[in-house]
Amino acid sequence: VMASMAHLQKEKLRLQEELLELQEKLAARENSELSLSLQLQGQVETLKEKLLEQAQEISRLRSELGGTDAEKHRDLLAAENERLRQEMKACEAELRELRRQQQAPCHDCPHLQENAELQEQLSQLQREAEETRAKLAELDLEVQQKTNRLAEVELRLKDSLAERAEEEERLSRRLRDSQETIASLKSQPQQIKYIIKTVEVESTKAKQALCETQSRNQYLQEQVGMQKQVLKEMEQQLQSSQKTEAQLRAQIMMYEAELERAHGQMLEEMNRAIEEAFSRAQVEMKAVHENLAGVRTNLLTLQPALRTLTHDYNSLKRQVRDFPLLLQETLRSARAEISQAIEEVHSTNRELLRKYRRELQLRKKCHNELVRLKGNIRVFGRVRPITKEDGEGPEAANAVTFDADDDAVLHLLHKGKQVSFELDKVFPPQASQEEVFQEVQALVTSCIDGYNVCIFAYGQTGAGKTYTMEGTAANPGINQRALQLLFSEVRGKAADWDYAITVSAAEIYNEALRDLLGKEPQEKLEIKLCPDGSGQLYVPGLTEFRVQSVEDINKVFEFGHVKRVTECTNLNEHSSRSHALLIVTVRGLDRSTGLRTTGKLNLVDLAGSERVGRSGAEGSRLREAQHINKSLSALGDVIYALRSRQGHVPFRNSKLTYLLQDSLSGDSKTLMMVQVSPAEKNTSETLCSLKFAERVRSVELGPVSRKAELSSWASQEHLEGDSPGSAAPHGRGHASPSPGQLSSRSASIRRKLHSSG
Ligand code: ADP
Ligand code: MG
């Protein structure tokens with residue numbers, strides 16, 4: 001449809017172009033015809049001028065001719081008029097012919113206008129002729145009148161001539177008579193003279209008559225002379241008028257010749273102009289005809305194209321008309337398909353989600369299984385290097401050695417006897433903070449998956465607990481590294497998950513819980529059950545800071561540290577007798593599934609585990625020692641109960657275990673980092689710590705009855721044991737095996753795990 005539309009458009013454009021071309025040609029033709037008509041008009045104008053000149057000439061001649069030759073002149077003019085009329089008729093006929101020729105091929109040819117103009121001129125000429133005719137009639141009348149007057153004059157002239165002839169006759173007769181008388185008298189001259197004399201003398205009467213006759217004769221002679229004079233004058237007049245007539249006739253002839261010549265010239269010019277115009281018009285017409293023919297052929301060729309275009313257009317129109325329906329239909333079906341597809345996608349999504357959840361569950365289960373196999377509770381040992389504080393001499397000698405092949409084994413030379421311990425991992429003094437953290441980070445990240453994690457630093461004061469947990473500014477410990485790791489992990493999962501990380505810092509001193517970040521550090525906080533019935537514990541009033549960067553953590557640590565410093569007179573001493581907790585909570589929301597997770601990471605720098613002899617302790621120091629002992633024993637008991645899957649776990653025996661209940665039970669993971677000093681002088685404390693570690697670690701699933709046996713050892717040891725050698729479990733040969741036995745047993749378990757996994 002689009003293609004045919006485009007084709008139609010193109011055709012239409014081409015046609016328009018052709019049309020424009022033709023219009024241009026027509027305009028050019030019109031221009032040329034206009035110029036032609038202008039030329040013709042000019043010619044007609046000049047002819048008209050000439051005609052006017054001729055008419056003026058005629059009128060001038062007419063006035064010159066006067067009355068006598070008026071008739072002839074009139075005849076002449078009439079003849080001329082007739083001739084002109086004939087010519088006019090001929091011209092009219094020619095014009096008619098021309099018009100007919102012009103009218104036939106083209107209807108709005110500019111020649112028509114020309115013709116009309118010519119006709120108008122013709123009619124004007126006719127009007128002029130009419131006027132001339134009227135003037136001629138007037139002249140005729142004048143001529144008639146003059147002729148009449150002339151006849152009258154002639155008549156009178158005849159009369160006077162007759163009278164004169166008569167008079168002459170009479171006079172001649174009398175003259176003859178007189179002459180006869182005279183002749184007769186001559187024959188008798190004297191007589192006559194005498195007679196005459198006699199007559200004269202004698203006849204007075206005759207004399208009187210003679211006188212009368214003589215006077216009469218005189219008069220008559222005078223009359224005759226006058227008449228002769230008149231005649232002569234008239235003859236002269238006649239002669240002069242004849243001369244003038246001849247002159248005028250010659251002039252008329254000349255003018256006529258001139259007129260004829262001019263007329264001929266005019267006719268010739270007119271003919272030439274008409275012929276020229278006609279030929280030009282013919283040529284033009286021919287060209288127009290040719291063009292017309294071309295256009296016609298073009299039109300003829302275009303007609304089929306137009307037909308096909310129209311056809312295409314109609315079909316397109318039909319299609320366009322039908323298009324909305326088709327579109328609706330298509331849209332409907334598409335919508336149905338889309339909704340079906342969406343439905344399918346939805347169901348697939350549901351299925352996937354279900355599978356994903358199942359996988360997640362499975363993964364969690366596997367992870368748990370793995371952790372369970374590895375041990376939910378793991379015990380690491382870290383030996384700090386010998387420092388200046390250890391002093392010099394044999395007391396500062398190194399008492400700890402390591403197994404080159406097994407990084408879980410450590411040997412302690414105590415009182416000349418080497419005791420070996422096997423833990424999950426042992427870090428020698430040269431182990432860096434980073435290496436230590438490497439082993440810890442898996443635990444930390446499981447926090448993001450919603451697991452609760454506890455990392456304890458256990459050991460005598462000065463064994464490196466704080467160093468491991470907090471570290472130094474240049475070489476930070478687990479706390480800061482864990483948070484950094486959490487930040488980067490959370491960033492990595494930001495595409496699907498929203499995470500919020502909050503931090504709280506607390507301290508347990510003499511079984512009292514205090515907020516290290518709160519406004520009232522002295523205030524003792526209570527641990528309470530969540531009112532939502534979830535069985536979760538929470539500490540009302542414990543300050544939580546949302547942290548998003550290392551800077552935030554540093555600020556928080558700084559804040560807590562400053563608090564602790566200002567609160568205590570001797571921080572070292574205080575910190576060695578209190579448990580410091582950093583509680584990191586990671587709350588996550590899976591945007592796609594709406595799944596929420598909460599994981600808690602408890603980083604605990606425990607109070608110093610060194611035993612305080614009953615005898616050597618008094619007052620507050622004893623109370624502190626009792627509290628520390630109680631809480632560390634409770635921790636040992638809880639871990640034991642958890643590892644041996646006992647129904648009852650004595651979380652409530654101390655604030656610490658109670659607070660960490662959530663983070664110790666269930667899927668939670670616990671790491672006990674047992675810090676030891678390698679110095680010779682600390683070997684008995686080192687031995688105690690390692691024993692604690694090994695015992696915690698080597699707890700195995702077994703009969704519940706073992707709980708009682710084991711649950712008592714810690715408290716006994718912490719309170720009663722004053723030397724490693726006299727440690728109650730050992731001395732009394734309790735269920736707990738000796739280090740050596742434990743070692744081999746653990747090894748066998750590990751081998752089993754290895755072979756199975
Ligand atoms: P605690 O907190 O157990 O009382 P500290 O962490 O304060 O012990 O450590 C006591 C001293 O030993 C500190 O000066 C500390 O810098 C140093 N120290 C502890 N562990 C190490 C270690 N792994 N490497 C270097 N120095 C250490
Ligand atoms: Mg410390």
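I began by noting that a residue is called buried when its relative accessible area is under 20%. F427 has a relative accessible area of 3%, so I wrote it down as buried. A reminder to myself: this is a predicted model.

**Entry: aromatic pairs**

I searched the whole structure for aromatic pairs and found four. F380 and F427 make up one of them, and I noted it as edge-to-face, with 5.7 Å from centre to centre and 75° between the planes.

F545 belongs to strand β12 (residues 545-546) and F559 to helix α9 (residues 550-567), so the pair ties together parts 14 residues apart in sequence.

**Entry: charges over rings**

I looked for lysines sitting over rings. K493 lies over the face of W497, 5.4 Å from the ring centre. K669 has its charged end over the ring of Y451, at 3.8 Å from the centre of that ring.

**Entry: an annotated site**

I checked the UniProt record, an unreviewed entry, and its "binding site" annotation includes Q460 and T466. Where does Q460 lie? I located Q460 in the loop between β6 (453-459) and α7 (465-469). Its relative accessible area is 9%, so Q460 is buried. Leaving aside neighbours within four places in sequence, I listed the contacts of Q460, among them K465, E610, Q675, N682 and S689.

T466 is in helix α7. I noted T466 as partly exposed, with a relative accessible area of 37%. Beyond its neighbours within four places in sequence, T466 is in contact with G471 and D605.

**Entry: the start of the chain**

Last, I went to V1, which lies in the segment before α1. V1 is partly exposed, with 47% relative accessible area. What does V1 touch, if residues up to four places away in sequence are not counted? I found L316 and Q319. I also looked up V1 and S315: they are 314 residues apart in sequence, yet 8.8 Å apart in space, C-alpha to C-alpha.

Key
Residues are numbered from 1 along each chain as its sequence is written. Chains are lettered from A and ligands numbered from 1 in the order in which they are written. This is a predicted model: local features need pLDDT of at least 70, side-chain atom pairs count only at pLDDT 80 or more; totals for chains, interfaces and linings use all residues. Side-chain values use heavy atoms; hydrogens and water are left out. Helices (H or I, at least four residues) and strands (E, at least two) are DSSP runs, numbered from the N terminus. Buried means under 20% relative accessible area, exposed over 50%, partly exposed in between (1.4 Å probe, protein chains only). Contact means heavy atoms within 4.5 Å. Rings of Phe, Tyr and Trp (its six-membered ring) pair if their centres lie within 6.5 Å; planes under 30 degrees apart count as stacked, over 60 as edge-to-face and the rest as tilted. A charge sits over a ring if NZ of Lys or CZ of Arg is within 6 Å of the ring centre and within 35 degrees of the ring normal. UniProt positions are given in the numbering used here, feature names are shortened, and annotations may be inferred rather than shown by experiment.
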